[in-house]
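Please have the sequence and the structure open while reading.

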Amino acid sequence: MVKYVYDFSEGDKSMKDLLGGKGANLAEMTKLGLPVPPGFTITTEACRAYLKDSLVPESLATEVTAALRGVEDQMERTLGDPDNPLLVSVRSGAKFSMPGMMETVLNIGLNDQSVLGLAKISGNERFAWDSYRRLIQMFGKTVLDIDGDLFSDALDSLKAERGVTGDTELTAEDLKGLVVTFKKIVSEQKGMDFPQDPRAQMDMAIEAVFRSWNTERARIYRRRERIPHDLGTAVNICTMVFGNMGEGSGTGVCFTRDPSSGHSGVYGDYLENAQGEDVVAGIRNTLSLADLEDIDKASYDKLRGIMRKLETHYRDMCDIEFTIERGKLWMLQTRVGKRTAAAAFRIAIQLVEEKLITRDEALARVTGDQLTQLMFPQFDQKASKEFVARGMAASPGAAVGKIAFDNAQAEAFSAKGVKCVLVRRETNPDDLPGMVVAEGVLTARGGKTSHAAVVARGMGKTCVCGAEALEINAEARTVTIDGRVFTSDDTIAIDGQTGEIFSGDVPVTDSPVTTYLAEGLEAGLAAAGADEGTRELVKAVDFILTHADKVRRLRVRANADTPADSRRSIEFGAEGIGLCRTEHMFLGSRRPLVERAILSAPGSDERTAAFAELEKLQRQDFLEMLEVMDGKSMTVRLIDPPLHEFMPALSELEIKVAVAKATGEVDPADERMLMEVRRFHEQNPMLGLRGVRLGIYLPGLFALQMRALCEAAADLVAKGLDPKPEIMVPLVGSVRELQLIREEGEAIIAEVQEARGVNLSGVTIGAMIELPRAAMTAEDLAEEADFFSFGTNDLTQTVWGFSRDDVEGVFFPQYLEAGIFGVSPFESIDVHGVGTLVREGVTRARSTKPGIKLGVCGEHGGDPASIHFFHEVGVDYVSCSPFRVPVARLEAGRAAVLTEES
Ligand code: PEP
Ligand code: MG
């Protein structure tokens, strides 16, 4: 039989899947011998069974009886006993914390009789009746689904009647009367009496917690936080202890060390004569934890001892909830404390310095996403800012500009070189042009998976979304915030890390972490200035990244195609270039040359001349980059565009010719061009004449690139440098394609070598694995390749069959919302589908050439989760955009230590 109930003494912290986070940690504390009120946890499995059948599993009831009796025996009280009642709390607790999303009921076990018993044993009649009214209120709202306002309105009118403002000023008699009123609300609303049977109260509360897993707000929260919907929640049933039993009682929360710097110290809040809910609700001002030492030294000392013990045990900063009931300290909850990105680095390093954790562990405790957050430009901390509203922090960074209400306005600002922020009620794919030119995006509606948020993150643009305080009138081009009207003459600033919106200009600065990454420790510390916290942060990032570099197996390269980007990559720690795309080298002012080459007859003088001209230009491109990359590998990908990008736009040309025809003045050259453009027009250019296909279709095109590269390398060798070019053939599907290009390439290398009298034997030729067929026949392709690089962008689009340029902004938001993917497969590798092909490709390639060098150069090369996958499948390097290089170094290091751990 499945076991659905675990006494706190039976579980431990490793059982979060089954017992939820709270239950697992309560069990762990019980195991450590800490003063946890006795109790038990109903598993997430029981919740899943309930949700499946809408029925509490029968065996659960019997297990609960046994567990409850155990608690009763320990406490020497029975649930709801009229003279000496045991009271319990019933709390939700999922694997991942979902604060405030699910239900809790306190004081279960109180009824018309046991309230008298509680008054007697506590010697406090007021407290007993207050506890009883709290139970009816909470139970009525969360278990019986009664509108909570009915109870709070009744409470308010009683206070008004008595002429008091605080709950605490109500007398025992007042509260007795309130219980009668509350019970009346229950019977009026539900046609039933408030249940007097303590066990019935408990069972109903358990079921309510199960149900609360699927409330609308819980579902929305999970979608936003990417928590799977099928986990279910555990239910913790715990003996009630009371911080509101008068003097000598109280409740508090604390951290085992400074949650921001990691320094040891006394951090926490304490509230005398109160229950946990009162602290969270901010009803009264709290004292600091240090004050507890004066109030109750014995409890304070005991708590400090427990804090130390917990931290030593969890080997991390913990946060703790505790209650003191008449001088007796109880631990209600602990967990490894949440922290900001900066705090994560600082705490990790502080713990290493105190020799509580190893450097490997410190590395495992921070993430690439946290490092990314620290790298975005930020608002100058010292600048004065005028706060106007807050939305959701959807995509990090800091953006400042004039308000643009639509594409036209954004584009007009941009054309004048004026920075702007696109402000919309919400965005849709039509807003893309505006988003592209704006510094950032601000919306009044929608959450972290709204169109604006998803697209902005994809573009690396700052975004704040769902700022409900904004009333936008797009027609009038005004936005009203708290009665104040802003127009496009106004400047606003949005902070993508905090969701804050400011009025007016706020200076933006580079993050000191980025300065450190680009220019080294000294520069980073100089940028941090006198701010000790920032200095500690920069040192922490340096320490952890240095360790990551030491332990990682994956090499990290950059995708760069200009000398400036190449330099930046090296500064950020790239060990080579994994992908130099050559398409842009053919666009712009060089496009007419390409047009001429494509449209002229094969073998004609015109084509030869165009190719010769292009070769000259390419040689200069490569020369500059190879010089920057001296001594480091540089993979040059032969041209891979959809062909139409090099031709005049079909529709424009059609209009031009049609208009000319109407006026009878057609230029025959235009007509010829239109014919050619129509001939090359593709319905689906992504699957058309591109990559190696173009190289074969237009003989001489790849050859000019390869010759330019070899000549550039020869020039540098002659100057005593050490260029390391690698020729990469894109979109290969068949070994014969690769063979043809390879033969051509080898001939060129030999020719240049001969003519220039230099050794170019180090120039290698490899292929991209971008098509399922390439992955599935990699053992054949390997015969003709010195290396492979997985182009996971194309591999994703060909495995899924969707074109990344067309789908991401259009239906992905709905796909994410509907849970079809947790994250876009273009952002993080689809391990199950695309990943299988990568794994297969690796195995097949190595079956032919065990030592073949394998890399990844799709966007996934810079994505943390994907990097762990690539580490695991055993590729040699990942290549990503320059800005992601530090993140990739960090994650490659983490992958190494985490794999070792498991
Ligand atoms: C790829 O397909 O993964 C790749 C790197 O090539 P591109 O993005 O240029 O198509
Ligand atoms: Mg590609």
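The model is predicted. Across the whole structure, a search finds 60 salt bridges.

**Shell around ligand 1**

- Residues surrounding ligand 1 include Leu 579, Arg 581, Arg 637, Met 768, Glu 770 and Gly 791.
- Thr 792, Asn 793, Asp 794, Arg 804, Cys 857 and Gly 858 are also among the residues that surround ligand 1.
- Sorted by class, the shell holds five charged, four polar and three nonpolar residues.

**Polar contacts and burial**

- Glu 770 places a polar side-chain atom 3.0 Å from an oxygen atom of ligand 1.
- Thr 792 has a polar backbone atom 3.0 Å from an oxygen atom of ligand 1.
- For Asp 794, a polar backbone atom lies 2.9 Å from an oxygen atom of the ligand.
- On its own, ligand 1 would expose 290 Å², and the protein buries 94% of that area.

**Elements at the site**

- Two or more shell residues come from each of β27 (576-581) and α32 (792-800).
- With three residues, α32 gives the most to the shell around ligand 1.

- Arg 335 and Asp 319 form a salt bridge through their side chains, with an N to O distance of 3.3 Å.
- Arg 335 belongs to strand β12 (residues 328-336), while Asp 319 belongs to strand β11 (residues 318-325).
- The two residues are 16 residues apart, and the pair links distant parts of the chain.

Terms used:
Residues numbered from 1 in each chain as written. Chains lettered and ligands numbered in written order. Predicted model: local features only at pLDDT ≥ 70, side-chain atom pairs only at ≥ 80, totals over all residues. Heavy atoms only, no water. Near = heavy atom within 4 Å. Polar contact = N/O pair within 3.5 Å; in protein donor to acceptor, adjacent residues only side chain to side chain. Areas by Shrake-Rupley, 256 points an atom, 1.4 Å probe, with all protein chains shown as cover. Helix = DSSP H or I, 4+ residues; strand = E, 2+ residues; numbered from the N terminus. Nonpolar A, V, L, I, M, F, W, Y, C, P; charged D, E, K, R; others polar. Salt bridge = Lys/Arg side-chain N within 4 Å of Asp/Glu carboxyl O.
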